[in-house]
Amino acid sequence: MAANMYRVGDYVYFENSSSNPLLIRRIEELNKTANGNVEAKVVCFYRRRDISATLIALADKHARELEEEMENPEMADLPEKQKHQLRHRELFLSRQLESLPATHIRGKCCVTLLNETETLKSYLDREDAFFYSLVYDPQQKTLLADKGEIRVGTKYQAEITDLLKEGEDDGREQAKLEEKVWDPSSPLIEKQIDQFLVVARSVGTFARALDCSSSVRQPSLHMSAAAASRDITLFHAMDTLHKNGYDMTRAIAALVPQGGPVLCRDEMEEWSASEANLFEEALEKYGKDFTDIQQDFLPWKSLTSIIEYYYMWKTTDRYVQQKRLKAAEAESKLKQVYIPNYNKPNPNQLSVNSVKPGLVNGAGVLPGATGQPAGLGRACESCYTTSSYQWYSWGPSNMQCRLCASCWTYWKKYGGLKMPTRLDGERPGPNRSNMSPHGLPVRHSGSPKFAVKTRQAFYLQTTQLTRVARRICQDLLRSRYLARHPYIPVNTAAIKAECAVRLPDMSKKLIALKQAVRKPLESVVRYLEAHPCPPKPEPPRGASISTGSLTPIKSSPILNNGSPTILGKRTYEQHNGLDGSKPKVLGPQWDIMSKRVSEQGRPPSAMQDNEVHELD
C-alpha cells in the first residue's frame, strides 16, 4: 500500500513510450482535473542520452574535475563495466515543469545532489538510485553547475586555531582584525539611549515630509512614521551616538546638520511598486535563487540589494497574506495519490509465434524440418544470454534485436545496456561481427544502428569442410536457388551436421577437389609489362564508301539492337562500329556491296584492304 502511495516531493518513474526508457520526474503538485483524473505537475530530469554530444563532453570534463577534487582512488580502480553503468545513474536537473497523467507513474526512485561526502560507487550498490550535479536548460541548450551544492571541505571551511592557554598572549593586533561600532560600557543609561532613538525617529519622519518622492510613496503621516521607525533609522542613530563619544548634545546636532535633517532609506523604500511586483513574480518562478532572479528579472539591481529586500519583504503584511493564500491553496490540493501496479503486457514482448524464423544465419530452420524453435540461438544484446523466461524486442525492427527480462528492466530504468559497448576497441553485438555483410566495419555504441566507417579491403576464404559440404548436401543447400535469393537465411550448422553424417558413405564416391593454382602477382605484372596493349589503329579520314548507287538487301539500317530514336542522336559510324569498339563481323549485305564495287573496275584486293578493313 505504501509503495503505491505517491506524495508531493517524491521522485518517480513516468512511462511515455513502451519501448523508450522511463522518464524521471519529481512531483511538485497533484491536481484533480474537471473530469476527475489526477495530473501531476513535475520537475524534469534528463539523462545523458537526452542531451547533445557537445554537452556530454562538457559533463565528462566536469566529472573529471570532480574526481580530482574528491581525490577518490576508488574511481580509478573501477572496472570499465561499472564506469559504464555509473554513467546511467547520472541525471541533469532542469527548471522545466510539465504536467503528466498520474496513471503513467511506474514506481519510485531516489535522486540526490552529488557532493564530496559520498562515493560514486555507492549509487551502484543501491537500486533505483541516481545523482545529479549539473543543471540543463532545454531551451538554451546549456549545462551549468548547480548552485545548491553542499560545500564541504577545507576549501570552504575555516581552519580553527588552537585554544590559547592561560596567560598566553594572542600576538595579533585586534584593531586590524575588527572595528568597534558600539561600546556597552558607555556612560549613558538605557533610558537616555531610548530617548535619543525617539528623537532620531522624529527627525526621520520630518525628513520624509520634506522629501517629495517619499511624500508620494507615503502620503500619510502614519506611513511616514512607520517607515522612519525601521531598522535603517535606528542603526544610523546608534552609529551617530558612537561616533560622537556618547555625547547627547553633539549627537542630536549631528542628526540635523546645516543642510537639513538626514534621510535614511532602506531597500523597502528604494524599490518601486513595479519592481516589487517583478520580484514577487521571480520569487514564484525561481524560489530563492537570487542570481537567476537578478539575471532574468532585475538586472539593474545588485545581488546585495535583492537579498536585503527579500529579508525585509518577509516582514511585511504582503508576505503574510501571500503565505496564507498559498496555505489555503495547498489545503485544496491533493497531498497524495494511490496508483496501482501496472500489469498490462508490454507491446515489445516476444512470443514464440511472433518471432520470425531465420533471424540470423544458423538460427533458422531447414525447409520442412520440425522441432526447432524459431528464435533458437538469438542472444541478448546486452548480457549475451540465450535463456530467459521472457524476451523483448529492442531497437529498430529491421535489426530484430532482443533483450532478456533482466536487461529489459535495466534498459527501462537506467536508459542503457548493462554491458559497455567499448572495452578494447569495438565490441560487436552477440549476433553480429565487426564487419558488415559488405565488408564494412561498423560501430556499436549502445544503439543497434550501424555507423559505417572507411571502406577496407577483405578476403573471404572458404574452409575445406565447407567446400565439401556444398557438394555432399546439394539437395539441402540448393546453391543456385540461394544465389538468386541472397536474403534467405542458411542454416549452416545443420548442413555441416548433415555433412558429417554423409561424409563416411560419400568418401569413396567423392571426386577429388581441384587445387586452384594461382600465379604470384609479380609474374602477372612482368607479363603485362612485356606484352603491352597494342595501340588502336586510327581509320583513314579520306577512305569512304560511296553508297549512293548501292542498295543493301534490307532497307532498314542495322542499329545494333538499339532504339530507332537513337539513330538521330548518334553518327552513322557510331551505329556501325567505327568508334573504336571491338571488331565486328561483316554482314551479308556488306559482302554484296563489296562485290558490286569490284565489278565497277576496282580490284577486289584493294577493296578488302581499304573499305572492308575500315568497316571493321
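This is a short chat about a few residues in a predicted model.

Trainee: Where does Arg89 lie?

Mentor: Arg89 is in the loop between helix H3 (80–88) and strand S5 (90–101).

Trainee: Is Arg89 buried or exposed?

Mentor: Buried, and Arg89 has no salt bridge.

Trainee: Which side chain of opposite charge is nearest to Arg89, then?

Mentor: Glu127, at 5.3 Å. A salt bridge needs the side-chain nitrogen within 4 Å of a carboxyl oxygen.

Trainee: So what does the side chain of Arg89 reach?

Mentor: Backbone oxygens. The one of Tyr123 is at 2.5 Å. The one of Arg126 is at 3.0 Å.

Trainee: New topic. What is the phi of Asp128?

Mentor: About 60°, a positive value, although Asp128 is not a glycine. Asp128 lies in the loop between helix H4 (121–124) and strand S7 (129–137).

Trainee: Why does Asp128 count as buried?

Mentor: Because its relative accessibility is 15%, and buried means under 20%.

Trainee: What about the phi of Tyr384?

Mentor: Near 70°, also positive, and Tyr384 is a residue other than glycine. Its place is the loop between strand S10 (349–350) and strand S11 (391–394). Tyr384 counts as partly exposed, at 35% relative accessibility.

Trainee: Last one. Which residues gather in the patch of positive charge on the surface?

Mentor: Arg467, Arg470, Arg471 and Arg518. Take Arg471: it lies in helix H17 (residues 464–472).

Trainee: How large is the relative accessible area of Arg471?

Mentor: It is 31%, so Arg471 is partly exposed. Residues in such a patch need over 30%.

Notes
Residues numbered from 1 in each chain as written. Predicted model: local features only at pLDDT ≥ 70, side-chain atom pairs only at ≥ 80, totals over all residues. Heavy atoms only, no water. Patch = residues over 30% accessible without salt bridge, like charges linked within 9 Å, V, L, I, M, F, W, Y side chains within 5 Å. Areas by Shrake-Rupley, 256 points an atom, 1.4 Å probe, with all protein chains shown as cover. Lys, Arg positive; Asp, Glu negative; His and termini not counted. Charge placed at Lys NZ, Arg CZ, Asp CG, Glu CD. Helix = DSSP H or I, 4+ residues; strand = E, 2+ residues; numbered from the N terminus. Buried < 20%, exposed > 50% of the residue type's maximum accessible area, 1.4 Å probe, protein only. Polar contact = N/O pair within 3.5 Å; in protein donor to acceptor, adjacent residues only side chain to side chain.
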